[in-house]
Amino acid sequence: MSEKLQDLFLRVRRDKHLMQDRCEAFTRCVEFAATLLKEEKERTGLFQLRLLGPKFDDRHIEYVAEGLVRVRRFNQIFLMNCSFRESGAKILAKAIKENNESIEFIGISSCKLGEEGIKAITTALKGKEKSFGVHLDHVGMSNASASALASLLRSGAPLVFLSLSLAPDMDSRGIQELSRALRKSPFLEALSLQQVPISPFGMISLSDSLSSNTRLKDLVLDYCCIGDIGIIHLA
């Protein structure tokens, strides 16, 4: 990555005085980043967009989404500790749908997407043919939003990496819903459920669904309270 691009992201992230009347700068930022990365793409094939910090709220996401639709080159999107909520997530989902086939990874963490926001993003990823990964950590995942994610898995999407860590509102019922969907998703290679209250009964369902998956390489279950029963069934 060029020094100019690193400086660009650094300055955008540290701009504490960004106001609504300057939001159009985000659109130009996205387009400019894609231009700077043209040579790097020829060598690495990667285009990354990273937005960090609570200054990125619903107002800013609208302009970022507009930039994504214009450029259509980014295949990796990272949003961390942003303050946009369900309305912003829905706007972002529309941009993701426009870039459906080019996106290879979406990482969103510590953003309060809400049930409708998570549903919008997972729905936007349906119909993908190329393999991809989804990282939704600490985004307000619940049993209802887990059901929306299960729908994505049942659609036959080639999801190879899934992380749903830090989801205290999702319990064994949400895990059972995901487990049933995972039986129809043979592509999964890595699954992280760190700090999700799975419970021993949820672990039984998850173990059964993963037993037929021959591609799974990484399974993270830290602080999941699966108990001795869960361990026995996992083994």
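What you have here is a predicted model, where local features need pLDDT of at least 70, side-chain atom pairs count only at pLDDT 80 or more, and totals for chains, interfaces and linings use all residues. Residues are numbered from 1 along each chain as its sequence is written, and side-chain values use heavy atoms, with hydrogens and water left out.

Let's begin with the inventory. The protein has 10 helices and 7 strands, taken as DSSP runs numbered from the N terminus (helices are H or I with at least four residues, strands are E with at least two). Of its 235 residues, 49% count as buried; here buried means under 20% relative accessible area, exposed means over 50%, and partly exposed is in between, with a 1.4 Å probe and protein chains only. Among contacts (heavy atoms within 4.5 Å) with a separation of 6 or more, 85% are between residues 24 or more positions apart.

Now for the sheet. Two strands count as paired if DSSP finds at least two bridges between them.

Step through some of the pairs. Strand S4 (residues 132-137) has 5 of its 6 residues buried, so it is largely enclosed by the rest of the structure. S4 is joined in turn to S5 by 4 bridges, again parallel, and His135 stands opposite Ser163 in S5. Strand S5 (residues 159-163) is mostly covered too, with 4 of its 5 residues buried. Further along, strand S6 (residues 190-192) pairs with S7 in the parallel sense over 3 bridges, and Ser192 stands opposite Val220 in S7.

Most residues other than glycine have a negative phi, and most peptide bonds are trans. Ser110 has a positive phi of about 55° although it is not a glycine. Ser110 sits in the loop between S3 and H6 and is partly exposed, at 33% relative accessible area. Lys112 lies in the loop between strand S3 (105-109) and helix H6 (114-124); with 57% relative accessibility, Lys112 counts as exposed. Setting aside residues up to four places away in sequence, Lys112 touches Phe84, Arg85, Glu86 and Val139.

Gln195 is another non-glycine residue with a positive phi, near 60°. Look for Gln195 in the loop between S6 and helix H9 (199-210), where it is partly exposed with a relative accessible area of 35%. Pro200 lies in helix H9 and is partly exposed, at 23%. Beyond its neighbours within four places in sequence, Pro200 is in contact with Cys225, Ile226, Gly227, Ile229 and Gly230. For Ile229, which is 29 residues away along the chain, the C-alpha separation is 5.6 Å.

On a 1 Å grid over the protein atoms alone, a cavity is a set of points where a 1.4 Å probe fits but cannot get out, and lining residues have an atom within 4 Å of a point. By this rule there is 1 cavity of 30 Å³ or more. The largest cavity has a volume of about 50 Å³, a volume being the space filled by probe spheres set on the points, which are joined across faces, edges and corners. Its lining is made of Leu153, Leu162, Leu164, Ile175, Leu178, Leu182, Leu191, Leu193 and Leu206. The largest share of that lining, 3 residues, comes from helix H8 (residues 172-182). By class, the lining divides into 9 nonpolar, no polar and no charged residues, where Ala, Val, Leu, Ile, Met, Phe, Trp, Tyr, Cys and Pro count as nonpolar, Asp, Glu, Lys and Arg as charged, and the others, Gly among them, as polar.

Key
1 Å grid on protein atoms, 1.4 Å probe; cavity = no way out; pocket = protein on both sides within 12 Å on 5 of 7 lines; lining within 4 Å.
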